[in-house]
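Here is a briefing on one structure.

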Amino acid sequence: MKVLVVGGGGREHALIRKIKESNKVTEIACCPGNGGISYDAECYPVSATDIDGVVNLAKEIKADFVVVAPDDPLVAGMVDALNAEGFPTFGPKANAAIIEGSKVFSKNLMLKYNIPTAEYKVFDNADDAIAYVKEKNEFPTVVKADGLALGKGVIIPESFEEAEAGIKEIMQDKIFGESGNNIVVEEFLTGPEVSVLAFTDGKCVKPMVSSMDHKRALDGDKGLNTGGMGTVSPNPYYTEDVAAECMEKIFMPTIEAMNAEGRTFKGCLYFGLMITPKGPKVIEYNCRFGDPETQVVLPRLKTDIMDIFEAINNETLSDLDIEWSDDACACVVIASGGYPKSYPKGLEITGLENGQCDGVIVYHAGTALNDNKLVTAGGRVLGVTALGSNLQEALDKSYKAVEKINFENKHFRKDIGQRALKAGR
C-alpha cells in the first residue's frame, strides 16, 4: 500500500513511524511534512488545509489510503472530499468533526444525552458573558472560544478582572479570529486530568492506553498554556474501575449520541477527562489524535496500525483484537526559547543522526532541512520519546537524550512525569 499522511507535526511523525512498521505498507507520503519527517516519508509542499491540493496529490501519487491527522482539515471536510473521489480515509467527516470544531455543539450534545461534564452557559456577546461571570463570582472559572484555536482557546481566570479581560480579548479583540464569536463559560472542575484516545468505527469503541499531558510552559505547572510540553503513559489515575465507568457513562454514550444526531463518528476520538470527586467528567473532545499524547500512546501499540485503520473504514473494528505493550512511555518536548510567545526560527540542531538519537525515538514537530542541516522551524521542535519497563526508566532515557540534543536557547520542562510518579501506582 501507498499511504498519504496529511499534516506536518510531531503527531504526524508518530503516526508515520508506526505506519512504517506495517508489513502492508511499501511507501509513505506526507504533506506538508517537516525536516525530520522527510527521513521517513516523501514530503510534498501541499498545505494540510488545502483540500483540493490534497485530493489532487492523492490522485497524482495514486494513494491507496489517506490519513488526515490535524483538526482544521477534518472540520473543513477533507475526509468528505477524499471519500467523494474514492479514497479510503482515516478520520471523521465534517459533520462528526464538529465535536471538536464547536465547543458549543459538544457541550449541548453532552447536556442533551446526559454525558457528565462541567456546568456551563453559552454567550454570543461579551457584555452578557461578563455580567454572568460577575453575578456567579466563582473563581477560578473557565472560558472557552467556541471554534478551533490551535489548542490554546481556553483561559482559566483566577479573578473577575482576569475573566473580563479574557472575554474581551476573545470576543472583541478576536485573538482567535472567528472562533471567538461565541464562548462557553463553565465551572472549574478539580481532580487529576486524563487523556484517553479511542479508536471507533461508529459502532464499537476501543480505547487506547491512557496518558497524562503537561500543558504549562514551565516546571511546577507554571507559566502559559502550550500545545503540550510532554506526556507520559500510562496515567496512574486511570484505573480499571475508572476505565469501566468511562466506557459506560462517557465513551459509548458519546458514540450513540453522535449516531442519534446523524453524525456517525469514525476515526480517533479524543476524550479529555477530569477525574472529579463526583466521578469522571468530559473537559473536551478532540476529533483526532492528540499532540503530544500520540507520541506516548503509539509506541505502546503492538497491533498493525493499518489493520486498525482498515477495520474502522470497513466498520469491522469489533472483530479486531488490539494489543498494547505493558511498557511505560515518556515524551519530553524540546521547545524554542520564548514559546508559546514569539521565538526565532532557523537555529541549527545538533546531536542527531538522520534525525534520530540512540536509545530513544525523536518525533519532529517543528524542524526543517536547510542545506541538509536540521534547523528549528516551530515552537515545539522535538518530542524525545522513550519506552521503559517502568516510568522512571522511560523518563531517564528521555532526559539523557534531551541533554545530547542542542540548539540555541532550547527550552524543556525538567519535571515531566513527576506527578505520575508521585501518584505512586
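The model is predicted.

**His 214**
- His 214 sits in the loop between β12 (212-213) and β13 (216-218).
- Its relative accessible area is 2%, under the 20% cut-off, so His 214 counts as buried.

**Helix α8**
- Helix α8 (residues 160-171) has 12 residues, which should span 16 Å at 1.5 Å a residue.
- The end C-alpha atoms of α8 are 16 Å apart, in agreement with that span.
- Buried residues in α8 are Phe 160, Ala 163, Gly 166, Ile 167, Ile 170 and Met 171.
- Seen down the axis of α8, the buried residues fall within an arc of 130 degrees, so they line one face of the helix.
- An α-helix has 3.6 residues a turn, so residues three or four places apart point the same way.
- The cover over the buried residues of α8 includes β6 (120-123), α7 (126-136), β7 (141-145), β8 (154-155) and β9 (183-187).

**Nonpolar cores**
- The largest nonpolar core has 47 residues.
- Leu 4, Val 66, Leu 82, Ile 99 and Phe 251 touch the most other members.
- Helix α9 (residues 240-260) gives the most to this core, with seven residues.
- Beyond its neighbours within four places in sequence, Leu 4 has contacts that include Ala 29, Cys 30, Cys 31, Val 54, Phe 65 and Val 66.
- A second, separate core has 39 residues, among them Phe 90, Phe 199, Phe 309 and Leu 320.

Notes:
Residues numbered from 1 in each chain as written. Predicted model: local features only at pLDDT ≥ 70, side-chain atom pairs only at ≥ 80, totals over all residues. Heavy atoms only, no water. Core = buried A, V, L, I, M, F, W, Y, C linked by side-chain atoms within 4.5 Å. Buried < 20%, exposed > 50% of the residue type's maximum accessible area, 1.4 Å probe, protein only. Helix = DSSP H or I, 4+ residues; strand = E, 2+ residues; numbered from the N terminus. Contact = heavy atoms within 4.5 Å. Expected span 1.5 Å × (residues − 1). Arc of directions from axis to C-beta.
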